[in-house]
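Trainee: I would like to learn how to read helix packing and strand pairing from a model. Can we go through one case step by step?

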Amino acid sequence: MKSRFIGLRWKSFLWLSLLLLSMNSVFYALNYYSLTSQFQARQEADVRLLHHHIKGLFAGTSDRLIRLGGALVTMADLGETLVSRTKDQVKGLVSGYYTSLGYELDIRQIELYTIDGDRVGRWAQFGEEALSPDVYRLAIEKVQATERPVTLLHCHPLCLLYAFVPVLASGENVGVIALGQSVADFIIDFKLTTGADISLSVPADNAGIAKLDNWRVSVPALTDTKVLLPLLNHLSEQYPNPEMLDRGSIVKWNNGYYDIHRMQLDEMIPGQAGFILTTTDVSRNFQDIHKALQVGVLTTLACLIVAEVMLIYLIRAPLHRLSRLALHLPLLAQGEHDRVRKYFLARHTNKKYRDEIDFLYESAVQLSHKLEQNSLSLDVKNRELAEERDFIQGLLASAQVLVVTQTRHGIIRVSNNFVAQLIGCESDQLYGRKFVELIANAEMRPDVQSRLQALCNSDQRRMEHENDLICKNGERRKVVWVHTPLREEYIDGTAILSVGMDITERVRAESKMRWLANHDPLTSLINRHGFMEDLNRYYNEVRLSGKTAALLLFDLDHFKEINDTSGHAAGDALLRMVAGELKARARKSDIVARLGGDEFAIMMLQTDVYGAEIFAKKLNERLAGTPFVYGEKRYRIGVSIGIAFLPEHGADVQEVMANADLAMFEAKRAGRSRAHVYSEELQHSQALTQNVYWKDVLTQAMENKQLIFYYQPVVDIKTGRSAYCETLLRLRMADGRIAAPGEFLPAAERSGLNYALDCYVVAMALQDLLEHPHKRLSINLSTAALNDFGWTESLIHAVQKQNLDPERVIFEITETAVITDMNKAKRIVHEVIELGFRFAVDDFGAGFSSLYYLKQLPVHYVKIDQSLVKEIVCNREDCDFVQALVSMIHVYGKKVVVEGVEDAATLDLLKAMNVDMVQGYYLGHPRAEYV
């Protein structure tokens with residue numbers, strides 16, 4: 001059994017779909033776990049609060065009864081009364097005096113006992129039964145033993161909380177007074193305060209055990225009889241042992257959820273049997289959890305669907321050469337053989353290494369010849385078809401077109417191998433089938449059949465139609481059929497010759513070409529052509545509607561450096577990364593495009609200045625926080641953004657684009673990785689003439705020797721003495737003003753004067769050293785110096801002819817200069833070092849920091865950039881990072897120089913790090929005189 005064909009595109013799609021589904025399932029499980037955990041934590045806190053409240057109610061009621069008992073004993077001098085009076089007198093006193101107090105103090109029952117346990121007086125508000133002798137004698141014994149009041153809960157039949165208070169006379173315990181209060185009052189208070197239900201359960205046989213391990217209980221008090229009694233019956237069936245509820249349980253009952261917790265009475269009244277069940281209705285909480293989970297599931301499904309659609313779109317990989325092949329092959333069916341051969345022969349050369357497409361090109365050329373011969377043969381020698389059957393069979397076997405012969409009734413007689421291969425069956429399986437069964441659209445079959453019959457019954461010599469062909473694997477191929485009636489009907493009934501051309505790839509290619517006309521194949525963004533069409537359309541719309549739209553032009557900073565150092569593959573990866581960020585951050589209504597090279601654009605409809613600037617700022621923050629990593633290299637990336645608005649910043653689209661480009665140039669000139677909004681004050685002509693201006697100024701300055709040195713000392717941190725001075729280039733302007741390097745060096749770089757400046761600076765420094773033997777200098781070189789050996793000739797002459805001591809010179813190179821062309825840089829550095837000069841890596845840590853280059857190049861000094869040390873006094877992380885750099889540089893045997901020392905605290909900290917030399921304004925400003 002043949003396995004079914006599944007393309008790589010669909011296999012990738014299925015595996016990635018499974019990954020997305022798994023991730024969404026994990027997200028759902030984590031969400032469910034989070035919600036239930038939060039619910040459990042909240043319920044545990046609520047239960048602790050309920051238990052605390054219950055204990056407070058019992059403790060407060062007990063304390064109140066004990067204080068009332070003590071007050072009653074004191075007010076009536078009950079101790080002396082029990083000693084001096086008879087039982088009848090005491091009983092009368094209780095009936096008369098305590099009756100009024102009992103009503104006023106909300107006391108349900110008062111009983112007075114002698115120390116021997118005889119009841120000598122009793123009062124009950126509603127005629128409650130008296131305490132049994134077993135109960136009150138046990139309580140009196142505890143009072144007598146501890147000489148402290150005792151609390152007791154007795155439920156027979158009503159639940160009263162009793163306080164047994166000792167009665168003293170002359171310092172001796174002569175009796176006990178018992179005060180009882182119903183628990184119903186504070187149970188109702190509990191319900192009103194907390195909203196939770198409570199049920200009080202005591203032993204049914206009034207057993208004196210402190211814990212119950214069964215449901216042999218009576219329920220003398222509960223807050224909601226209609227709900228709680230059926231629930232208690234349900235609990236007794238589901239939980240045979242009540243201790244199972246000590247840690248709480250969520251019970252589903254009667255279409256609701258209840259949080260049940262048990263609390264022993266012994267925790268509030270020592271030795272008291274029974275327990276309290278707290279019941280909280282948490283049905284609403286469960287409903288909220290289920291609703292949140294449902295919303296999460298729906299959201300997850302929606303995101304999954306969107307991800308699947310995008311996945312299908314992104315995994316389509318265009319194959320340009322094959323699409324062109326498919327585009328030109330159908331021309332063979334139209335008889336344009338010369339055009340096909342001319343196209344393929346022009347693009348096919350005798351390459352040393354050929355691929356499958358080259359073979360396809362050769363086959364296409366061969367096929368064009370054979371089809372042309374076949375076409376001529378069909379026109380000239382139709383009557384000779386029977387005699388040339390062998391030739392036709394060979395042609396049918398090799399031709400990459402579908403060839404079928406059929407009867408006038410549409411029954412297939414002969415088919416070539418290409419038909420069988422395309423459909424996915426053997427050639428003999430097609431014999432005897434109806435031709436129209438190959439057509440995928442069943443509705444078209446009757447029409448094709450009738451037209452074929454009309455072709456045989458008329459003088460028509462040709463019939464063409466285009467239909468989808470059904471393949472065995474379910475795939476549909478689009479085929480153009482050309483049917484020609486034979487002059488004579490053969491013995492087997494053959495009357496029609498049908499030739500089909502598979503144009504599936506051509507159709508796909510045409511669709512792809514339409515897409516490529518307006519899209520960038522690298523990033524899948526709209527290209528410049530499509531963007532300008534949209535820009536023109538929306539420009540007219542905003543001009544008529546009175547609304548506004550923002551045009552943002554983006555230019556990647558340092559893109560050329562990344563391309564040069566890591567190759568074009570890295571540049572392409574960076575472009576795709578930036579395109580992804582733009583698409584992710586843009587709104588659905590925004591239009592994102594790649595205009596070419598490293599330039600991007602976004603048109604944001606209905607956006608003001610604030611919105612555009614916020615978008616630009618957040619984009620640069622995102623890019624700054626996401627370094628671009630390619631291989632083992634990390635790059636800091638950013639974009640310079642120019643912003644212009646439609647229609648106020650241009651009379652037409654071209655002017656708006658030009659103004660946005662001018663604003664982008666201004667953003668780049670102001671420091672890169674920032675945005676600039678176009679304004680009328682921004683003069684495009686001035687920006688364009690800056691390069692020309694500085695190029696002329698620098699050229700004249702080198703001719704007239706207007707470039708001068710400023711010297712800044714580099715101090716040995718141990719001795720405090722100047723080890724050497726760094727030469728800082730300055731330009732004396734015609735008006736006497738001294739221009740800093742930041743004004744003219746960027747223009748020199750853009751104008752290609754870097755190498756000329758390097759040669760000029762080296763010659764000027766060598767002359768300075770020869771004239772002043774006490775000077776020791778470091779000289780800054782640009783990237784251009786490490787790409788050309790020419791400037792080293794002046795060094796050879798100075799050392800060999802003028803006896804210059806090379807140890808008085810240090811050449812400073814940046815990391816960027818080193819990694820531009822590592823091999824050439826190494827050769828130049830080695831040649832200079834062999835003369836006796838030394839090198840230092842400048843601005844280490846500010847660019848593409850890598851200790852790899854310290855190992856590769858024989859530099860003597862490494863200058864740590866001032867941006868890393870400016871906050872080491874107050875920033876622990878910066879301090880640790882600089883300490884690590886110093887240690888690792890020392891491991892490589894290099895000396896460490898730190899720039900940007902601005903205060904004594906920084907200097908002291910660097911001393912503790914064993915830094916070798918320091919430089920900064922605290923130690924000396926750049927001056928025209930050598931220090």
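Mentor: Start with handedness: a crossing counts as right-handed if the near helix is turned clockwise from the far one by less than a right angle, and as left-handed if anticlockwise. Keep in mind that this is a predicted model.

Trainee: Which hand does the crossing of H15 and H19 have?

Mentor: H15 and H19 cross in the right-handed sense.

Trainee: At what angle do helix H15 and helix H19 pack, and how far apart are their axes?

Mentor: Helix H15 (residues 528–545) packs against helix H19 (residues 653–669) at about 115°, and the axes are 10 Å apart. Angles of 65 to 115 degrees count as roughly perpendicular. That is why H15 is described as roughly perpendicular to H19.

Trainee: Which residues make the contact between H15 and H19?

Mentor: From H15 come Arg-528, Phe-531, Met-532, Leu-535, Asn-536 and Tyr-539; they meet Val-653, Val-656 and Met-657 of H19. By class, the residues of this contact are 7 nonpolar, 1 polar and 1 charged.

Trainee: Now the sheets. In what order do the strands of the open sheet of 5 strands lie?

Mentor: The order is E17-E18-E16-E21-E22, and the pairing is mixed. Strand E17 (591–596) and strand E22 (675–677) are the edges, each pairing on one side only. On average, neighbouring strands of this sheet are turned by 20° against each other, direction ignored.

Trainee: How many bridges join strand E16 to strand E21, and which residue is the bridge partner of Leu-552?

Mentor: Strand E16 (residues 549–556) and strand E21 (residues 639–646) run antiparallel and are joined by 8 bridges. Leu-552 has Ile-643 in E21 as its bridge partner. Helix H18 (residues 609–624) packs on this sheet, touching E16, strand E18 (599–605), E21 and E22, and its direction makes about 165° with that of E21.

Trainee: Is strand E4 largely enclosed or open, and why?

Mentor: For burial, the cut-off is under 20% relative accessible area. In strand E4 (residues 159–169), 10 of the 11 residues are buried, so the strand is largely enclosed by the rest of the structure.

Trainee: Which strands pair with E4?

Mentor: Strand E3 (residues 150–155) pairs with E4 in the antiparallel sense over 6 bridges, with Leu-153 opposite Leu-161 in E4. Strand E5 (residues 172–182) also pairs with E4 in the antiparallel sense, over 10 bridges; there Ala-163 has Leu-179 in E5 as its bridge partner.

Trainee: How many residues lie between E4 and E5 in their hairpin?

Mentor: There are 2 residues between them, and Ser-170 in the turn has a positive phi of about 55°.

How values were computed: Residues numbered from 1 in each chain as written. Predicted model: local features only at pLDDT ≥ 70, side-chain atom pairs only at ≥ 80, totals over all residues. Heavy atoms only, no water. Buried < 20%, exposed > 50% of the residue type's maximum accessible area, 1.4 Å probe, protein only. Helix = DSSP H or I, 4+ residues; strand = E, 2+ residues; numbered from the N terminus. Pairing = 2+ DSSP bridges. Axes fitted to C-alpha atoms, helices over the stretch in contact; angles between N-to-C directions. Parallel < 35°, antiparallel > 145°, perpendicular 65-115°, else oblique. Contact = heavy atoms within 4.5 Å. Nonpolar A, V, L, I, M, F, W, Y, C, P; charged D, E, K, R; others polar.
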